[in-house]
Structure formats: C-alpha cells, structure tokens
Amino acid sequence: MPKHLAILLFAFTADAAEFVSHEIATGLKGGYQVIAVDLNRDGKPDLIAVAPGTNELVWFENPSWQKHVILANVPRMINCAAWDVDGDGIPELALAYEFSNDARKSTGIVVILHHNGDPAQPWTPTEIDRLPTSHRLRWADIRGNGKKVLINAPLTNAEAQKPDDHLPVPLVYYDPADWKRHVISEENQGVQHGIFVSRWDGQKRESILTASFSGIHVHSFQQDGTWLRTKLTGGSPEPWPKSGSSDVAVGFLGKQRFLAAIEPWHGNQVAVYRQHAGHWARKVIDSALVDGHTIAAADFDGDGNHSVLAGARAGTRSLYLYKSDRKTTQGKWIRQFIDEGNMAAAACAVADLNNDGRLDFACISPVSQNLKWYENTSANKNRGAAPN
C-alpha cells in the first residue's frame with residue numbers, strides 16, 4: 001500500500017454504536033493512562049488517571065467524579081495496574097515511575113500501593129524493583145489458579161542509546177509471594193511498547209501478548225516453570241525501525257478471534273489480523289492516525305461482534321471506532337468519529353461505567369490534558385465484557 005494513501009471509511013449505519021461524551025477533569029498535564037476499577041467497594045468502576053506532568057497519582061470517584069489523591073510527589077509516572085492481592089475487596093496498585101525514553105536517565109522504580117483503610121486518603125507505597133524504562137504494568141493469572149502476578153514490560157534495553165538499537169528488551173514478572181523479579185523473555189528487540197493479557201489458549205491461565213519492533217508474540221507459562229514464546233506476526237513489513245507493532249488488543253467477530261494493532265511504533269496504521277490457512281493475515285483498515293497510541297476491542301452495540309477503538313495523540317480528529325461490515329466478503333471496516341478534536345487519546349479504558357448493561361469507555365489526553373468518559377447510548381445492551 002502506498003505510504004501516502006489514507007483509508008477513509010466515512011459510513012454510518014443504523015446499528016452504529018452511539019456515545020455521549022462527559023468531561024471529568026482538566027489540567028491533567030501529560031495525561032498518559034486511565035484505568036477503570038472499583039476502588040471503594042461500591043460496585044461502580046472508578047477511574048485512575050496517570051498524568052506524569054502533575055506528579056500526583058489520582059482517582060475519580062464514580063458517579064460524582066470527585067478527585068482523590070493516591071500518592072503525591074511521584075515524578076515521571078508512566079503506568080499503573082490494579083489487582084486485589086490480599087482479598088479485602090480493594091485492589092492493590094502497582095505503579096512505575098521515574099521513566100524516560102532514554103534508558104540512561106530512567107530509574108524505572110516499581111512500587112506496590114496499599115490503602116490505609118480509606119481509599120480516598122493517601123496510600124502507602126512499597127518499592128519492589130528498579131528496572132530502567134519500566135513502561136507497561138499488567139496483572140495476569142499465568143497459572144490459572146486465580147492468583148495473579150505482576151507483569152513488567154520495559155520499553156528498551158537498559159543500555160539502549162536510541163530506540164532503534166538492536167538490543168534485547170526484558171519482559172519480567174513478580175510473584176506477590178516474594179516480589180522477586182523473574183524473567184519471562186529477553187527476545188524482543190528494539191522497542192517493546194504494548195502488552196495485552198489474554199486467555200489465549202482457551203485455558204484458565206492467562207498469557208501475555210507483546211507488541212514490539214520484533215512483531216506480536218504470545219508468551220505462555222508452562223507447567224515446568226518455563227515460558228513459551230510464539231510469534232504471531234511480524235507486524236508492519238517496513239524496514240527497521242518502522243517494523244513491528246506498537247499496541248495490540250484481542251477481539252472477536254462471532255467466535256472468530258482477531259488481533260487489532262497500531263503499527264509501527266507510535267504509528268499511523270490500524271491493522272487487523274485474522275487467521276487464514278494457519279497464518280495471521282494482515283489488513284490495514286486505516287492509515288491516517290498521527291502518533292497512534294491506544295487500541296481496544298469490545299462489543300459496544302450488543303451484536304456479538306467486537307469493534308475496534310483506536311486513539312492517537314495528534315491530529316485534528318484522533319479518536320475512532322471501527323466496525324466490521326460482515327455483510328461484505330471483502331471484510332470492510334467502517335470508521336466512525338467519536339470525538340471531533342477534543343480528545344487526542346494516549347489511552348482508553350473500556351468498562352460499564354454507569355451499570356446500564358452497555359460498555360462505555362474513558363480516555364485521557366496529554367494534549368488537551370483532560371479525562372473524558374463516553375456514555376454508550378446504543379439501543380442494544382452488551383452481550384459480554386471486553387475480551388481478554
């Protein structure tokens with residue numbers, strides 16, 4: 001496909017998902033990540049905002065969206081992940097901070113945050129590791145026993161001097177039993193940007209999908225304690241460092257699984273991969289993104305098929321929803337504008353935020369420095385949550 005060609009699919013159908021946007025907060029300098037999780041045990045997903053320029057990790061209480069400070073004086077935050085380790089109904093939070101794209105300037109501090117009885121009051125951090133360019137944190141049930149471990153995917157090798165260095169990037173995990181660092185893999189090269197947790201093999205255990213300059217791989221924990229790394233696709237076929245993939249999500253069209261990805265790193269393309277004859281066939285459904293940075297897949301309109309939500313940090317229109325037109329044999333995807341220029345999304349989180357049976361989503365922007373949630377007003381209710 002010519003590099004200058006932008007795929008523009010302006011089409012709206014009667015069964016398209018409909019959303020109403022609500023601004024929750026402004027002044028979130030460097031807004032980078034949003035997480036939907038119930039922090040006060042009231043059954044409503046709250047929103048955690050990671051905004052590195054504020055030096056405060058904060059959460060907004062659903063439905064009033066009152067702001068609470070979790071931790072102050074936290075420089076250069078980059079990622080957070082929530083899971084209830086001790087079973088008290090309020091999740092522990094993992095946080096990575098002191099981040100820089102330059103590995104030589106990135107301490108990569110990882111802490112576990114515990115509430116002190118009232119989650120609306122400041123939390124207590126416990127440092128568990130320092131790993132340069134610690135960048136993506138997720139919890140995963142790698143053994144299928146209900147006990148999750150913390151996954152840490154650094155951006156680059158600790159010795160990297162520029163992103164396109166051909167150096168191995170570590171992928172590690174920490175078991176809450178001792179919080180020691182364990183290596184999953186050191187085979188991805190260059191930049192390792194996105195990770196996604198999925199029950200990939202149909203079992204109870206969860207696997208880790210990584211998106212890097214090396215492509216998209218799935219990492220699965222084995223019974224003997226080792227990890228199996230399987231290549232799914234090389235991602236963008238362009239020469240290094242425009243090769244590989246930046247972010248990845250898993251979705252379903254009926255029972256058929258697909259991959260959705262932003263390519264290449266911070267790229268302009270939304271690519272969808274579907275299995276054909278034993279391999280993952282790549283289809284670029286949009287090439288007009290500017291600094292693409294977040295992707296998700298979920299059934300927003302309740303028809304049993306997942307749409308793709310993609311956001312970019314630049315451009316006049318930078319938040320899109322893509323729906324597969326399964327009535328055509330060409331596999332066309334229809335693009336829908338979600339926000340007309342006031343949400344250059346660095347990250348989005350999918351959840352039923354108002355408990356009406358429809359999946360909504362929230363997005364955060366470093367450009368407009370705001371946090372918004374998008375209320376799903378579609379006629380049909382969801383048949384299930386976003387896939388993992």
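Because the model is predicted, local features require a pLDDT of at least 70 and side-chain atom pairs count only at pLDDT 80 or more, whereas totals for chains, interfaces and linings use all residues. Residues are numbered from 1 along each chain as its sequence is written, and side-chain values use heavy atoms, with hydrogens and water left out.

The secondary structure of the protein chain consists of 0 helices and 28 strands, where helices (H or I, at least four residues) and strands (E, at least two) are DSSP runs numbered from the N terminus. A compact globule of 388 residues would have a radius of gyration near 21 Å, and the 20 Å of the protein chain agrees with this; the radius is taken over C-alpha atoms, and the globule rule is 2.2 Å times the number of residues to the power 0.38. Along the principal axes, the C-alpha atoms fill a box of roughly 55 × 45 × 40 Å. Of the 388 residues, 56% count as buried, a term that means under 20% relative accessible area, with exposed meaning over 50% and partly exposed lying in between (1.4 Å probe, protein chains only). Among contacts between residues at least 6 apart in sequence, 48% join residues at least 24 apart, contact being defined as heavy atoms within 4.5 Å.

In the loop between strand S26 (347-351) and strand S27 (360-364) lies Asp352, which counts as buried because its relative accessibility is 18%. Apart from neighbours within four places in sequence, Asp352 is in contact with Pro45, Gly357, Arg358, Leu359 and Asp360. The side chain of Asp352 reaches the backbone nitrogen of Gly357 at 2.8 Å, and a polar atom of that side chain lies 3.2 Å from the backbone nitrogen of Asp356. The loop between S26 and S27 also holds Asn355, which has a positive phi of about 55 degrees although it is not a glycine, and which counts as partly exposed at 45% relative accessibility.

Most residues other than glycine have a negative phi, and most peptide bonds are trans. A positive phi, near 50 degrees, is also found at Arg76, in the loop between strand S5 (66-72) and strand S6 (79-83). The peptide bond from Trp240 to Pro241 is cis, with omega near 5 degrees, and Pro241 belongs to the loop between strand S17 (227-233) and strand S18 (247-253). The bond from Glu263 to Pro264 is likewise cis, with omega near -15 degrees.

Technical notes: A polar contact is a pair of N or O atoms within 3.5 Å; within protein, one must be able to donate a hydrogen and the other to accept it, and residues adjacent in sequence count only if both atoms are side-chain atoms.
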